[in-house]
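User: I am new to reading protein structures. Please take me through one, feature by feature.

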Amino acid sequence: TPKNILSNTMKDARILDLTGCSVEEVLYYVSCGNPVFAMTGSNDAVLVVGYDANNVVLYDPAVGQTYKRTTADADEMFFNAGNIFFTYQK
């Protein structure tokens, strides 16, 4: 599972399961400097790495690119994927 992968990779961090949170809620962790792992489909995920007043900044490791989505579009995309989010605290 994504949580197991993060736990095994980041042994010095506490992994937080934010499943069920809204985009607005997970942006708190981004504001603290921690990217948020977010599922976008059954086998696809992105990192939420930033935001501004109208957009969420996402990094897609599958293509190696960073891009913006409106907060409303990101909220819908993550909702359709089950609002599955993970982050960490050191």
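Aromatic pairs

Analyst: This is a predicted model. Searching the whole structure turns up three aromatic pairs.

User: How is a pair of aromatic rings described?

Analyst: Two things are given: the distance of the centres and the angle of the planes. Take Y28 and Y29, an edge-to-face pair. Their centres lie 5.1 Å apart, with 80 degrees between the planes.

User: Is Y28 buried or exposed, and at what relative accessible area?

Analyst: Y28 has a relative accessible area of 52%; exposed means over 50%, so Y28 is exposed. Buried means under 20%, so Y29, at 18%, is buried.

User: Why is the pair of F78 and F85 called edge-to-face?

Analyst: Check the angle. The planes of F78 and F85 stand at 75 degrees, and over 60 counts as edge-to-face. Their ring centres are 5.3 Å apart. Both F78 and F85 are buried.

User: Now the core. Which residues touch the most other members of the largest nonpolar core?

Analyst: They are V36, V48, V56, L58, F78 and F85, in a core of 17 residues. At least two residues each come from α2 (23–31), β2 (36–39), β3 (45–51), β4 (55–60) and α3 (71–80). The top contributor is α2, with five residues.

User: Where is the second core?

Analyst: A separate core has eight residues, including L6, M10, A13 and M39.

User: What is V48 in contact with, leaving aside neighbours within four places in sequence?

Analyst: V48 is in contact with L27, V30, P35, V36, A38, V56, V57, L58 and F78. V36 is also the bridge partner of V48, which lies in β3.

User: How do β2 and β3 pair?

Analyst: In the antiparallel sense, over four bridges. The link from β2 to β3 is a hairpin of five residues.

User: And how do β3 and β4 pair?

Analyst: Again, look at the sense and the bridges. β3 and β4 are antiparallel, with four bridges. One of these joins G50 to V57 in β4. Three residues lie between the two strands in their hairpin.

Key:
Residues numbered from 1 in each chain as written. Predicted model: local features only at pLDDT ≥ 70, side-chain atom pairs only at ≥ 80, totals over all residues. Heavy atoms only, no water. Core = buried A, V, L, I, M, F, W, Y, C linked by side-chain atoms within 4.5 Å. Buried < 20%, exposed > 50% of the residue type's maximum accessible area, 1.4 Å probe, protein only. Contact = heavy atoms within 4.5 Å. Phe/Tyr/Trp six-rings, centres within 6.5 Å; stacked < 30°, edge-to-face > 60°. Pairing = 2+ DSSP bridges.
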